[in-house]
Amino acid sequence: MINPSDTKKYIKKRQGYKYLLSFFVTSLIVFILFQIFLENMVVDGNSMSPTLLDGDIGICVKSTFATAEKGDIVNIKSSYLGENIVKRVIATEGDSVTIKNGIVYVNNNQEYYSSQRTKGDVSLTVLKGQIFVLGDNRGDSTDSRIIGCISIAEVNSILLFHFRP
């Protein structure tokens with residue numbers, strides 16, 4: 001004869017295994033989706049200060065699944081610098097960019113991502129397949145003012161959110 005208390009223990013134990021299996025499968029699916037669609041980055045330097053600080057961690061969507069737009073913060077594999085850089089997209093293909101008297105204009109409209117005056121004089125139209133990027137910390141940034149427009153192919157990912165460890 002089967003003892004009812006043994007049956008209850010067996011059912012609880014089996015439910016526990018079901019919950020554990022559900023947790024494992026869910027974790028595996030999240031991990032796989034993260035590997036396919038997302039990547040993490042660690043900010044190195046102060047060129048995006050005060051928006052991003054040195055050591056901040058960002059979660060980004062891979063550029064295979066999204067297109068960088070004006071205002072986006074992007075992680076770029078710079079062929080010019082030979083390293084990854086994090087910058088803000090100021091202009092995309094077809095946009096005209098002018099930097100004059102410390103003010104950045106995109107299509108003759110003032111850009112407001114940074115309150116800092118921007119050094120250098122620039123007047124150009126962004127070519128097809130390229131973007132113009134600037135760091136938010138304009139005084140301490142190697143960006144399109146120096147290295148020119150960036151090929152969209154060099155954009156690794158687009159920042160979704162960040163946090164400070």
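Predicted model: local features only at pLDDT ≥ 70, side-chain atom pairs only at ≥ 80, totals over all residues.
1. A quick word on terms: a residue is buried when its relative accessible area is under 20%, exposed when over 50%, and partly exposed in between (1.4 Å probe, protein chains only). Numbering runs from 1 along each chain as its sequence is written, and side-chain values use heavy atoms, with hydrogens and water left out.

2. Glu111 sits in the loop between E7 and E8 and Arg138 in the loop between E9 and helix H2 (144-147), so the pair ties together parts 27 residues apart in sequence. Helices (H or I, at least four residues) and strands (E, at least two) are DSSP runs, numbered from the N terminus.

3. The whole structure has five salt bridges. Another of them joins Asp56 and Arg164 at 3.3 Å, N to O. Asp56 is in the loop between strand E1 (38-42) and strand E2 (57-62), Arg164 in the segment after E11, so this pair links parts 108 residues apart in sequence. Asp56 is buried at 2% relative accessibility, while Arg164 is partly exposed at 44%.

4. Arg145 and Asp143 make a salt bridge too, at 2.9 Å, N to O. Arg145 counts as buried with 19% relative accessible area; Asp143 is buried with 0%.

5. Now the inside. The largest nonpolar core has 12 residues, including Val61, Ile76, Val133 and Ile158 (buried Ala, Val, Leu, Ile, Met, Phe, Trp, Tyr and Cys joined through side-chain atoms within 4.5 Å). Strands E3 (73-78), E4 (83-92), E9 (130-134) and E11 (155-163) each give two or more residues to this core. Apart from it lies another core of 10 residues, among them Ala91 and Val122.

6. Have a look at the open four-stranded sheet as well: its order is E7-E6-E5-E8, paired antiparallel (strands pair if DSSP finds at least two bridges between them). E7 (109-110) and E8 (122-125) are the edge strands with a single partner each, so one side of each has no neighbour in the sheet. E5 (residues 96-100) and E8 share four bridges, and Ile99 has Val122 of E8 as its bridge partner.

Note on methods:
Salt bridge = Lys/Arg side-chain N within 4 Å of Asp/Glu carboxyl O.
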